[in-house]
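Q: Hi! Could you walk me through this one, a bit at a time?
A: Happy to, let's take a look together.

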Amino acid sequence: MDKIHLREIARLLEVSEMTIRRDINSPAATNFNLESYGGFVRKSIDETSADLALKPAKQNSEPEEISLCHIAAKQVSTGDMVFFDNSDYNNEIISAIDKSIVFTGVTFSLTTFLELKTKPNCNAVLLGGNYDPSLDVFKTDTPPSWFESIVFTKLFITPDGVHNDFGVTFKDSYCVSLFNEVIKRSIDKYLICPKTAMDSVAAYSINFGHFDFIIASESPVAIIDTITSQKIGLICEI
């Protein structure tokens, strides 16, 4: 295959996405012509190829992913009750959280749950239901009764689109409905804003005003007026 997502590899091999990441970065992986970038694995491009003009431009999503995730991880403190969505960024976020921090992580994503289980001081909670492998989430018509009593101190959501006119948008209606319920029960609500989502629009929206902070690798110029008018905090490196 030209490329395949880590989530799909994890599903096919019935292991966690983090296991795949560790295997790809292990010494044994140097025997294979593979490289990873932005959540995908693909065949490596031969640096010694005579025709470098045909080489695709190097993807820059992985450095940005690491930057965003480390910023997000720094927001987690001991005693937090944190909700994580089903985005590809969660493994890096959770991996970057200091091992000494004692927190509870709640998710409806199987991959995210498995990553939470790797943290020695994390109480990992998985919302149940019928598993949807295309989204890597468990879906249920009615959240468990105990869910209504939870107050999340932190919420991390990564949208499919962020647009000045159409707000924060997602491809799946179920995810939006669950996010709206979690937002009602959350104190600090963080929107993780990758460059790939900027000026994009998906089918289902959530108002900008529901979020308290936007995490970005650099100032998101396209929506800066909205951030200012909605009085949303901006957390970024630049």
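**Strands and their partners**

A: Let's begin with K154, which stands opposite D188 in strand 12. This is a predicted model, where local features need pLDDT of at least 70, side-chain atom pairs count only at pLDDT 80 or more, and totals for chains, interfaces and linings use all residues. Residues are numbered from 1 along each chain as its sequence is written, and side-chain values use heavy atoms, with hydrogens and water left out.

Q: What do you mean by a strand?
A: Helices (H or I, at least four residues) and strands (E, at least two) are DSSP runs, numbered from the N terminus.

Q: OK, how many bridges join strand 9 to strand 12?
A: Five bridges link strand 9 (residues 152-157) with strand 12, and the two run parallel. Two strands pair if DSSP finds at least two bridges between them.

Q: And how many join strand 12 to strand 14?
A: Three bridges connect strand 12 (residues 186-192) and strand 14 (residues 213-216), again in parallel. Y190 stands opposite F213, and L191 has I214 as its bridge partner.

Q: Why is strand 12 called largely enclosed?
A: Because five of its seven residues are buried, strand 12 is largely enclosed by the rest of the structure. Buried means under 20% relative accessible area, exposed over 50%, and partly exposed in between (1.4 Å probe, protein chains only).

Q: What's the strand order in the open sheet?
A: The seven strands go 6-5-4-9-12-14-15, with parallel pairing. At the edges are strand 6 (122-126) and strand 15 (233-236), each pairing on one side only.

Q: New topic: where does T111 lie?
A: T111 is in helix 5 (residues 110-116).

Q: Buried or exposed, that T111?
A: T111 is buried, as its relative accessible area is 11%.

Q: Which residues does T111 touch?
A: Leaving out residues up to four places away in sequence, T111 touches R7, E17, N91 and D136. Contact here means heavy atoms within 4.5 Å.

Q: Last one: where is the place of V15?
A: V15 sits in the loop between helix 1 (6-13) and helix 2 (17-24). With a relative accessible area of 31%, V15 is partly exposed.
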